[in-house]
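Colleague: I am new to this model and would like to know what stands behind the words used for it. Please go through them with me.

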Amino acid sequence: MASPDRELLSRTARNAVRALMSSLALGAIGEYWENEHFTRNPDVTPGEGGVRKQLFDAYAASVDWTDADHVTRALRVFESMLRRLDRENRKYGDDGLPADTVTELREAFSRDGCRLDDELRLHTARVAHLSVHVEALTEASGIHAELERVRRFGADYPDDAIGAAKQLIEATAKLVLLKRNLPVDERQDLPALIKQAQQALHLHPAALPPARNASSPDNADSIKRILGALTSAAVGVAELRNRYGTGHGRLAAPTGLGPRHARFAVGTAATWCELMLDTLADPDAPWRKASAMAPLADGTLTTSHELARASAPDRKE
């Protein structure tokens, strides 16, 4: 059972714009929505507020907030409304929308990967369109959440994209362990977690036994080399995030990051996650055929829970 689609623009961001409707001409509200081919939903339950906010709600209810095209058009509506409000304020001698209002709007939109610039234009970009094999998974909500984060962060937010790519790897690794009924140590560092998840699916090159026959690709030397490189690449995303991505307090913003760095990190994370989730869902994957005894790197056999403990780094309490 797949997880339900998630809204691409949060209610927080929508309400931040709705709160300003009392100052916008009634005719302009309908005009901007209809310019983007939205119509009023006559069945919407009126919310709190005056006629302008209720009109806003009637149009907003016709938007599918899980659909990228709908959200893109709705963002153009919001942009037009905000710029109109700013012009109206300036017309009467003010400096445009109050600074604290603009700050609140920026914070609300930034959570969804949108940037409101100084001209009150909204920018959003998607680093890559990621598709992973999650249809057969029942606990993939964390994966979906990270996928949506990565889709939202783009050229304007390369450090956020790198941070989201790392978290996508971490969420996938934990999901694999949960699906294999292995313990998840929340204190585990990511390289150890990557290794443990790959071992759980017989995808770690050090734990692969020799190929039993020439027709089996899973244990071929070429596959082992690819898996070794992919393991190092996934760990590299974590290291890149530690230096440049979000998630750690920094004294100064990272410099030199661009869209290509974000696409590179996201593409690497997507490749690793797709392999893990595809293998997890594959009914013919080698891990399904293996017995409860799993090989360690030194060739000895151990149970799956012992494997998890062997993969974890030594930690002192």
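Colleague: Which residues of α3 are buried, and what makes them so?

Modeller: They are K53, L55, F56, D57, A58, Y59 and A60. Buried means under 20% relative accessible area, exposed over 50% and partly exposed in between, with a 1.4 Å probe and protein chains only. The model is predicted, so local features need pLDDT of at least 70 and side-chain atom pairs count only at pLDDT 80 or more, while totals for chains, interfaces and linings use all residues. Residues are numbered from 1 along each chain as its sequence is written, and side-chain values use heavy atoms, with hydrogens and water left out.

Colleague: Why is α3 called a helix, and how much of α3 is covered?

Modeller: Helices are DSSP runs of H or I with at least four residues, strands are runs of E with at least two, and both are numbered from the N terminus. α3 spans residues 51-60, and seven of its 10 residues are buried, so the helix is mostly covered. The cover of these buried residues includes α1 (11-18), α2 (26-35) and α4 (68-91).

Colleague: What makes α1 and α3 neighbours in contact?

Modeller: Their axes come within 10 Å and cross at roughly 145 degrees. The contact is made by R14, V17 and R18 of α1 with K53, F56 and D57 of α3. Contact means heavy atoms within 4.5 Å. Axes are lines fitted to C-alpha atoms, for helices over the stretch in contact, and angles run from 0 to 180 degrees between N-to-C directions.

Colleague: How do you know that I194 is buried?

Modeller: Its relative accessibility is 0%, therefore I194 counts as buried. I194 is found in helix α8, residues 190-200. Leaving out residues up to four places away in sequence, I194 touches I169, T231, A234, V235 and W272. I194 and K174 are 20 residues apart in sequence, and their C-alpha atoms are 8.9 Å apart in space.

Colleague: What is the reach of α7 set against?

Modeller: α7, residues 158-179, has 22 residues and reaches 31 Å from its first C-alpha to its last, close to the expected 32 Å. The expected span is 1.5 Å times one less than the number of residues. Of the 22 residues of α7, 19 are buried. N181, with a positive phi near 60 degrees, follows α7.

Colleague: How many helices and strands are there in the chain?

Modeller: The chain has 12 helices and four strands. Of its 317 residues, 44% count as buried.
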